[in-house]
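Work through the exercises below with the sequence and the 3D structure at hand. Try each task before reading its solution.

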Amino acid sequence: MPQQFFYKEALKLGLKEVRIRTSKGLNPYLPALDDIVSPKRALNGIRLGIVQIPVWFIVGTKTGNRTNSFAANFMPILEENTEFSNKWEALYRSNLIEGIREPVKVYEYLNRYYVEEGNKRVSVLKFCGAYSVQAEVIRIMPEKKDTKEVKLYLEYLEFNKYSKINFIEFSKSGSYRELLRFMGKKTDDYWTEEERRRFSSTYYFFEKAYYENGGNEHKHTVGDAMLSYIQVYGFTELQHANETKIGINLKKMWEEISLKEKDDAIELKESPTEGKKPSVMAMVLNIAKPTKLKAAFIYDKPYEKSSWVNEHEMGRRHAQTVLGDKVETSYYECLEYSDIEKTLKRAISDGNKIIFTISPRMLNASLRAAIDHPEIAIMNCSLNISHRYVRTYYPRMYEVKFILGVLAGSLTKSGRLGYVCDYPIFGQIAGINAFALGAQMANPGAKVFLEWSSVKGAKDAAISLSSQNIHLISSQDTARYSKDERKSFGLSHIENEKSELLAVPVWKWGVYYERILRAALDETIKIEYVNTTRALNYYWGMSAGVVDLEYAPALPQASRRFADFFRNSIISGAGKPFLTPFATQNGDIIGAGQRELSLEQIINMDYLVDNIVGTIPAYDELSDIGKSTVDTVGIHQARFGSSKKGGALL
């Protein structure tokens, strides 16, 4: 064997890397940390001691002295038969016999490592495919900047502080806490040595299966892919799965993983798509008589005991009556959370081609079933969920809330209005803000006092508002509850023990299901799915007839006409509940000029407008049911942020 056989092979890899990067206009050599941050800042670095660090996170050198000795992949590029190549070859052979024993010295900046002492050792370890190396680490903290990169790094530091895990990284904010939630751990739980060992083993097997099954073709991190996997199959199942099983599951969910790379992962359908119509000849000759479509509805409670479920059941019956023998609908009751998956399998085995799961808590089971059965259209009643295989649907209730706000603002004498909201989830913040802006339009001095039933309880929330001399209160609509303890529904006037309903939102699930099933019959649903690589969210509003407003006898006729004016303008498209500019509680100005917010901006609101008195609750303030709901469809602030006035993350 030639004296420098291994150096020669490493040299080939280095020169190849130089050619490739040069052809792409990229720097072919190692970056130097001194060119990225001031050397003076390194003097104030935090000494972490001896730490086992991932070899693949070592990306450069501390100074520029050695940058031209190695290609960007840390492979050598100096000629053979030199002092440098001799040392490299000797170090390689020593590593084969006894390993690299002496720690390298590195500086860590934004979770990447730059070598001050031990460049050749790192080069040899990378050539050998080593997983980690002992290093004396000095951490340089980034300057405080409001950038995505720094925010992600600070989240990593919080995670690393308690876990001591430094090899998993994510590309999206909140992912570390999301991982901990699936693991059943709190953010400030210190990990045991056994927990670190088991997690490391799980990550290693997943990473191996990921790359063996095409992971190199994706831009996101291994951590991103692993979190997507856990969202579908759960952390416990991942811990017990072998590489083969992980690989099989990954192949089934590649589109789900690919979706996480997109900044515009969700495609919102704001109105029903007109489907294709059969030709006159086909209708006359009845050439293509369609097969009866089987549709299933999965309920998480008996419809006799839940008004929310009962409204969906009435919607199913309406669609069945209108569509007649074109469809065959049925419902399945799933009373235990652990039975959701089993119930979905039964519905699929019964031949249903479209399945509706009417609660966000059934989303994860719906996703898993959809990945296993891509031929079935599975739809979950939730909003702003970026899953490729599951379609979601929900009405634009904020349009009705805006009209209720206009009514309340016109009726109030004190200018003090109340609003009781259930959960800080997608769509609900928009409802609060729409109500407040509508009230402000009718009465510029109106203030909306906000309470949360998921914090205080429905009854106590209403009592709290009443005790503040607030008599006009907007609560959730009657579709949510059958035997509810709250003192009001819709928009009500409450004084002493008397509660008088004025107007109430109406969920028209029958219209929603009829239109979706028609779209399934003419294959519009299928065509929309095939023609996009994004997640499909059906977010229809008053113009589609899926949500509306009804007046109670107590509402004056003049107020009805006033509300009808805004109702008709929204249906026609002329009315814009979120017309900019407007101000938030913390003084930010949203938008500039007379323009309407996009649906994406409306759904993702994590702030409250300036005439609202109250805050978005922190996760720990919520009830157990509130937490479980927020875990699935909560806004970012409620899941990961703290309770701040205005609800904006700082």
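The model is predicted, so local features need pLDDT of at least 70 and side-chain atom pairs count only at pLDDT 80 or more, while totals for chains, interfaces and linings use all residues. Residues are numbered from 1 along each chain as its sequence is written, and side-chain values use heavy atoms, with hydrogens and water left out.

**Exercise 1. The whole protein**

Task: State how many helices and strands the protein has, and what share of its residues count as buried.

Solution. Step 1: Helices (H or I, at least four residues) and strands (E, at least two) are DSSP runs, numbered from the N terminus. The protein has 25 helices and 21 strands.
Step 1: Buried means under 20% relative accessible area, exposed over 50%, and partly exposed in between (1.4 Å probe, protein chains only). Of the 650 residues, 52% count as buried.
Step 2: For the extent, take the principal axes: the C-alpha atoms fill a box of roughly 95 × 65 × 45 Å.
Step 3: Contact means heavy atoms within 4.5 Å. Among contacts between residues at least 6 apart in sequence, 72% join residues at least 24 apart.

**Exercise 2. A sheet of five strands**

Task: Give the strand order of the open sheet of five strands, name its edge strands, and find the helix α4 that packs on the sheet.

Solution. Step 1: Two strands pair if DSSP finds at least two bridges between them. The order is β1-β5-β3-β4-β2, and the pairing is mixed.
Step 1: β1 (46-54) and β2 (58-61) each pair on one side only, as edge strands.
Step 2: Axes are lines fitted to C-alpha atoms, for helices over the stretch in contact, and angles run from 0 to 180 degrees between N-to-C directions. With direction ignored, neighbouring strands of this sheet are turned by 40° against each other on average.
Step 3: β3 (residues 104-109) and β5 (residues 132-139) are parallel and share five bridges. Y107 stands opposite I138 in β5.
Step 4: Helix α4 (residues 119-128) touches β2, β3, β4 (112-117) and β5, and its direction makes about 130° with that of β4.

**Exercise 3. Two helix pairs**

Task: Describe how α3 and α4 cross, then how α5 and α6 pack.

Solution. Step 1: The axes of α3 (residues 83-98) and α4 come within 10 Å and cross at roughly 55°.
Step 1: Angles under 35 degrees count as roughly parallel, over 145 as roughly antiparallel, 65 to 115 as roughly perpendicular and the rest as oblique. The helices α3 and α4 are therefore oblique to each other.
Step 2: The residues that meet include F84, W88 and L91 in α3 and V124, L125 and F127 in α4. Ala, Val, Leu, Ile, Met, Phe, Trp, Tyr, Cys and Pro count as nonpolar, Asp, Glu, Lys and Arg as charged, and the others, Gly among them, as polar. The contact of α3 with α4 has eight nonpolar, two polar and three charged residues.
Step 3: Helices α5 (residues 148-163) and α6 (residues 175-183) pack at about 35°, and their axes are 9 Å apart. L152 and F159 of α5 and L179 and L180 of α6 are among the residues in this contact. By class, the contact of α5 with α6 has six nonpolar, one polar and three charged residues.

**Exercise 4. Single residues**

Task: Decide whether A563 is buried or exposed, and find which residues it contacts.

Solution. Step 1: A563 is in helix α22 (residues 557-572). Its relative accessibility is 1%, so A563 counts as buried.
Step 1: Neighbours within four places in sequence are left aside, and A563 is then in contact with I403, L407 and Y551.

Task: Locate N111 and E523, and state whether N111 is buried or exposed.

Solution. Step 1: N111 is in the loop between β3 and β4, and E523 is in the loop between α20 (509-521) and α21 (524-530).
Step 1: N111, a residue other than glycine, has a positive phi near 65°. E523 is not a glycine either, and its phi is positive at about 70°.
Step 2: With a relative accessible area of 4%, N111 is buried. E523 has 37% and is partly exposed.
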